[in-house]
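Colleague: I am new to this structure and would appreciate a short tour. Could we begin with the charged pairs?

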Amino acid sequence: MRQHEIAEVLSRPYSQELLARDVTRLAYVAKDGTPRNVPIAFTWNGSQIVMCTTKNAPKLAALRANPAVALTIDTEVHPPKILLIRGEAELDVVDGIPEEYLQMNGSYQMTAEQRVEWEAEVRSLYDGMVRIVVTPTWAKLIDFETTLPSAVEELVRKREESRSA
C-alpha cells in the first residue's frame, strides 16, 4: 500500500475518531511461533501509533525477533467501526515514564485525586519503559456504511452480478 493511500484512510473522520480512542489490540507472533493478541493503551501522534510497556514484558523479545504487527481499533456499537493497521514495531527503551504513557491513560475515568495517586504509583513502580512505535504500512477502515470487509465486498459484488445477468 502506498503512503498516500494509507494517509487517505487514516485521515477519514471515522479513522480519526478511532485513533482518538484509548485501547488497541496488538497482534504479533510470540517467540514460540504462536499468535498473540493483547489489548494495550495507545496514542496516535499524527503519523505513528505509540504504545508503552514495561521493560520486562514478554512481548518485547517476540517483537525484537519479528517486528511485524497488526493493530485493531474498534467500537462496541452497531454498526461497528473498525480500523485495521499493519506495520513494524520499533522499540525505544526510555528512562522514566514516557509522556505518551501519561497521555494515553488520561481519558480513563478518574477523579483528580485518583489521577494523582495513579501517577505517583506509576512513577514509583517504573524506572523506565519501552515505547513500541508503529508506523502504518497498511490501513483499512471498515465502517459498514461505505466500506466492508473484503470477503463481504466480494459477496455483494457477486450478488449484484447475478442480479444483473
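**Salt bridges and surroundings**

Modeller: Lys81 forms a salt bridge with Glu145, and their closest N and O atoms are 3.3 Å apart. Please keep in mind that this is a predicted model.

Colleague: Where do Lys81 and Glu145 lie?

Modeller: Lys81 lies in the loop between strand 5 and strand 6, and Glu145 in the loop between strand 7 and helix 6, so the pair ties together parts that are 64 residues apart in sequence.

Colleague: Is Lys81 buried or exposed? And Glu145, buried or exposed?

Modeller: Lys81 is buried, at a relative accessible area of 9%, whereas Glu145 is exposed, at 51%.

Colleague: How many salt bridges are there in the whole structure?

Modeller: A search finds 14. One of them joins Arg131 to Glu100, with the closest N and O atoms 2.8 Å apart. Arg131 lies in strand 7 and Glu100 in helix 4, so this pair ties together parts 31 residues apart in sequence. Asp92, Glu100 and Arg131 are linked in a network of salt bridges.

Colleague: Turning to strand 7, how many of its residues are buried?

Modeller: Twelve of its 15 residues are buried, so strand 7 is largely enclosed by the rest of the structure. Strand 7 pairs in the antiparallel sense with strand 6 over 14 bridges and with strand 4 over six bridges.

Colleague: Which residue stands opposite Val133 there?

Modeller: Val50 does.

Colleague: And which residues of helix 1 are buried?

Modeller: Ile6, Val9 and Leu10 are buried. They cover an arc of only 95 degrees around the axis, which puts them on the same side of helix 1.

Methods
Residues are numbered from 1 along each chain as its sequence is written. This is a predicted model: local features need pLDDT of at least 70, side-chain atom pairs count only at pLDDT 80 or more; totals for chains, interfaces and linings use all residues. Side-chain values use heavy atoms; hydrogens and water are left out. Buried means under 20% relative accessible area, exposed over 50%, partly exposed in between (1.4 Å probe, protein chains only). Helices (H or I, at least four residues) and strands (E, at least two) are DSSP runs, numbered from the N terminus. The arc is that of the directions from the helix axis to the C-beta atoms. Two strands pair if DSSP finds at least two bridges between them. A salt bridge is a side-chain nitrogen of Lys or Arg within 4 Å of a carboxyl oxygen of Asp or Glu.
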